Each structure stands twice: as C-alpha cells, then as structure tokens.
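Here is a short tour of one protein chain. Keep the sequence and the 3D view side by side as you read.

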Amino acid sequence: MTTKKFIPALGYDFLSEYYDLAIKLTMPEKKFRNKLIDFVNPVADEKKLEFDFGTAKNIIILKQRFPKSNIQGVDIDPKIKSIAEYKLSKAGIHAELFLYDGEKLPFEDNSFDKIYSSLVFHQLDKLTKIKCLLEIHRILKPNGELIIGDWGKAKTKLMRLTFYLVQLLDGFKTTNDNVNGLMPKYISDAHFKDVNEIDFINTSIGTYSYYKAKK
C-alpha cells in the first residue's frame, strides 16, 4: 500500500510523541474534547467512526462516557496508530483502529451513522480537504451526521495573532483556509447539507470551532 504524504501531528514526525503534552499545555483539553463528544451525542446502536483518531484521546473519553458505543477509528499515520493502541490498552478500552492510504477510506458506502474528527482538516490543503470530505460523505449512511472540531475563523484579533503559532508548525498553506472561515464552504462543496458552525472555544492558540452537517 502506498501512503500519500501527510503532515504528522505538530508538523514533524519526531514531535508526534509530544502531541498530547502540547495539547494539554495550550488548550482547555477536557472542555474541548468533552464538548466534541457532546455534539457527537453517541447512541448505543449507532455505528460511529473517528476520522484521523490521533492518540485516541477522544475515543477513550467517548467509551468512558458511553461504554456501549460502537466506535471505530481510521488514521493515516502508523506511528500515531501505535501510540493510540498503547493508550487504549492502558485504559482497558477496545476499539478497532484502521490505517488508510490517504485516498480511499477502507469502508463500504453507507457504513456509518456518525463520523467525527478533531484537529485534522487544518493539516490538509484545499484539494485534500474536499477529497476527504467526499470520502466521508460516501461512507456515511443517508441522513448520517458529520461533526468536525478544528481551528476556525478567529473570533478576536488576539485569537488571530496567537494562531500564527499553529501556522508556523502546520504550515500556512493548509491552515489559512481554516482561519479564513472556509470550512463550512468546503463541507457544502462535498455535498453535505445543513452545514453550520454550532459553537466555538477560544484557546490560547486560536479559535477552535465545531461544525455539524448531514448527508
């Protein structure tokens, strides 16, 4: 399997093991992660997927709060997958994790009731954002929900200024779309309906926004 080139967590592969620490130091982690799970609003018989699960922190919170939830994860980064599997094992939580090649997601059409992601799309250029959203649209069931938590349009001048730190690490080319408020447009361009920014949290390094849409 040939894996498409990707931007690792924190922009560089050698920094991936420090990702959780960086989030802990720069963001209100408990608040933004639990709010994301609130918006996912898990129901036991739903089939859910986290797109680019990172170190599995969201999956752990979801399963701790909703133990009967059916949740799977997919990511492009083998190193991150190893970290996630270790953290899941340590927490005593089982969740199926998959790798994909950056192109086609390894699932059939109409497979999931809900798909969510956090801090993923700001690492993707415009074309890749839309391609990933189209793949997510493909594997969602009709009327399935998409929930995205990621950097959004800065709500204050201070938030715009502090977001330059994220851009220095993850690149201006991929992050400009987020801070310019273009994520709702890209979600709509991928054929989703009822696209809305439903909430946001101002952090020490920018505005973290929540988006919701339906297939």
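The model shown here is predicted.

Phe 172 sits in helix α8, which covers residues 172-179. Its relative accessibility is 36%, so Phe 172 counts as partly exposed.

**The whole chain**

Now step back. The protein chain has 9 helices and 7 strands. It holds 215 residues, and 53% of them count as buried. The chain exposes about 10,100 Å². Carbon and sulfur atoms supply 55% of that area. Contacts tell us about the fold as well. Take those between residues at least 6 apart in sequence: 75% of them join residues at least 24 apart.

**The sheet**

In what order do the 7 strands of the open sheet stand? The order is β3-β2-β1-β4-β5-β7-β6, and the pairing is mixed. Strands β3 (96-99) and β6 (193-203) stand at the edges. Each has a single partner strand, so one side of each is left without a neighbour in the sheet. From one strand to the next, the twist averages 20°.

Zoom in on one pair. Strand β1 (residues 47-51) and strand β2 (residues 70-75) run parallel, and 5 bridges join them. Lys 48 stands opposite Ile 71 in β2. Leu 49 has Gln 72 of β2 as its bridge partner. Is β2 enclosed or open to the outside, and why? Strand β2 is largely enclosed by the rest of the structure, because 5 of its 6 residues are buried.

**Helices against the sheet**

Helix α4 (residues 78-91) lies across β2 and β3. It runs at about 175° to β3.

Next comes helix α3 (residues 57-65). Which of its residues are buried? They are Asn 58, Ile 59, Ile 60, Ile 61, Leu 62 and Lys 63. The buried residues of α3 pack against several elements. The strands among them are β1, β2, β3 and β4 (112-118). The helices are α2 (29-40) and α4.

**Salt bridges**

Side chains of opposite charge can pair when their charged atoms come close. A search of the whole structure finds 13 salt bridges. The table lists some of them.

| Pair | N to O distance |
|---|---|
| Arg 33 and Glu 29 | 2.9 Å |
| Asp 109 and Arg 138 | 2.7 Å |
| Lys 155 and Glu 197 | 2.9 Å |

Start with Arg 33 and Glu 29. They are 4 residues apart in helix α2, so about one helical turn separates them. Both Arg 33 and Glu 29 are buried. Glu 29, Arg 33 and Lys 57 are also linked in a network of salt bridges.

Turn to the salt bridge between Asp 109 and Arg 138. This pair links distant parts of the chain, 29 residues apart. Asp 109 lies in the loop between β3 and β4, while Arg 138 lies in helix α5 (residues 126-139). Are the two partners buried or exposed? Asp 109 counts as partly exposed, because its relative accessibility is 46%. Arg 138 is buried, with a relative accessible area of 16%.

The remaining pair in the table is Lys 155 and Glu 197. Lys 155 lies in the loop between β5 (140-151) and α6, and Glu 197 lies in strand β6. The pair therefore ties together parts that are 42 residues apart in sequence. Lys 155 has 34% relative accessibility, so it counts as partly exposed. Glu 197 is partly exposed too, with a relative accessible area of 33%.

Definitions and conventions
Residues numbered from 1 in each chain as written. Predicted model: local features only at pLDDT ≥ 70, side-chain atom pairs only at ≥ 80, totals over all residues. Heavy atoms only, no water. Pairing = 2+ DSSP bridges. Helix = DSSP H or I, 4+ residues; strand = E, 2+ residues; numbered from the N terminus. Axes fitted to C-alpha atoms, helices over the stretch in contact; angles between N-to-C directions. Contact = heavy atoms within 4.5 Å. Buried < 20%, exposed > 50% of the residue type's maximum accessible area, 1.4 Å probe, protein only. Areas by Shrake-Rupley, 256 points an atom, 1.4 Å probe, with all protein chains shown as cover. Salt bridge = Lys/Arg side-chain N within 4 Å of Asp/Glu carboxyl O.
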